[in-house]
Every structure is written in structure tokens, then in C-alpha cells.
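Visitor: I am new to this structure and would like a short tour. Could you take my questions one at a time?

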Amino acid sequence: MKKFNFTLAKLMEIKEQELKQQKERLSELRKTQITLEEEKEELLRKSKNCNDDFNQKMATVGLGVNEIQSTKVYLMRLRDDMLDLDNKIVQAIHNVEMQVQVVAAATMDLRVVEKLKEKKLEEYNKELLKDEEHFIEEYINTAKHMSRENE
């Protein structure tokens, strides 16, 4: 009997490649989300440090109007940047969630083909077993027939 050949092997390769690409895309999106979150943490740290410095200077030395105004503008800019990052983070989270769904769908597509391959292999193995049993029966029958002729 001929060797097992899965006729949808090429489709299976394509599905595996697609799944790999979708997982890589998901990884990129997660990295983007993490980077944005780290940027926000950095802005929060800068804002806290600026506030702490401002309060310390006000308590000890005092600040002029220009320094107060520039600190206020700087803190407002940090706040605006954080709000902008919040929007980007929300979008990044949404992108990650959507890509997780794409990866899940690609995984299911691949599993369907894998299950089909398993079923076809099982059928092939059953046929192979039948062929082997048939061969053994023929061998035994031939051997019996030959021994009868020799008698």
C-alpha cells in the first residue's frame, strides 16, 4: 500500500503560517501597549517629582510668579500628555483584544484541518491493517494449498 499522503497538507501549512503571523502581530500589539503604559508611568513619575519639588521650594525658599507659571504650564502639559496616552492605551487594549480574537479564529481553523488529518490517518491505518490481514490470509491459503498439492 502506498505511503500516507494528506491531500490538504499545503492548506495546513498555510494555516500554520497564518497562525504564526497572527501570533507575531499579537506580540507586537502587546509590546506597543506595554510601551505606552510605561510612558504613562514615566509621565506620572515626572508629574509627582515636579509637584514634590514645587511644594518643597514653596515651603522653603518661595517661588517667583514666573517659576510658578512655568511649573503650572509644565504640569498641564504633562497632564495633557497623560490624557493623550490614556486614549492611546485604550486603543492599544482594544487592538490587542481584537487580535486575540483573530488568533483564536486562526487556531480553530488550524485545529479543524489537524482533526481532519487525524481522521484521514486513522482511516489510512485501518485500510493498511485490512490489507495486511488480507495478505496474511492469502499467504496462509496459498501455504495450505501448496501443502495439499505436495501430499
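Visitor: How do the residues of the lining of the largest pocket divide into nonpolar, polar and charged?

Guide: Happy to start there, with a predicted model in view. A pocket here is an open set of points on a 1 Å grid over the protein atoms alone where a 1.4 Å probe fits, with protein on both sides within 12 Å along at least five of seven lines, and lining residues have an atom within 4 Å of a point. Ala, Val, Leu, Ile, Met, Phe, Trp, Tyr, Cys and Pro count as nonpolar, Asp, Glu, Lys and Arg as charged, and the others, Gly among them, as polar. Sorted this way, the lining holds four nonpolar, two polar and four charged residues.

Visitor: How much space lies in the largest pocket?

Guide: Rolling a probe the size of a water molecule over the atoms shows where empty space is left. Grid points are joined across faces, edges and corners, and the volume is the space filled by probe spheres set on the points. For the largest pocket this comes to about 220 Å³.

Visitor: Which residues that line the largest pocket are the closest to its centre?

Guide: The lining has 10 residues. Those closest to the centre are F4, N5, T7, K120 and Y124.

Visitor: Is the aromatic pair of F4 and Y124 stacked, edge-to-face or tilted?

Guide: The structure holds one aromatic pair. Rings of Phe, Tyr and Trp (its six-membered ring) pair if their centres lie within 6.5 Å, and planes under 30 degrees apart count as stacked, over 60 as edge-to-face and the rest as tilted. The ring centres of F4 and Y124 are 5.4 Å apart and their planes stand at 55°, so the pair is tilted.

Visitor: How many residues apart are F4 and Y124?

Guide: The pair links distant parts of the chain. F4 sits in the segment before α1 (9-60), while Y124 belongs to helix α2, which puts the two 120 residues apart. Helices are DSSP runs (H or I, at least four residues), numbered from the N terminus.

Visitor: Is Y124 buried or exposed?

Guide: Buried means under 20% relative accessible area, exposed over 50%, and partly exposed in between (1.4 Å probe, protein chains only). Y124 has a relative accessible area of 17%, so Y124 is buried.

Visitor: Which residues is M12 in contact with, leaving aside its neighbours within four places in sequence?

Guide: Contact means heavy atoms within 4.5 Å. With those neighbours set aside, the partners of M12 are F6, L110, V113, E114 and K117.

Visitor: What separates the C-alpha atoms of E132 and S47?

Guide: E132 lies in helix α2 and is partly exposed, at 41% relative accessible area. Along the chain, E132 and S47 are 85 residues apart.

Visitor: What should I know about numbering and limits?

Guide: Residues are numbered from 1 along each chain as its sequence is written. Local features need pLDDT of at least 70, side-chain atom pairs count only at pLDDT 80 or more, totals for chains, interfaces and linings use all residues, and side-chain values use heavy atoms, leaving out hydrogens and water.
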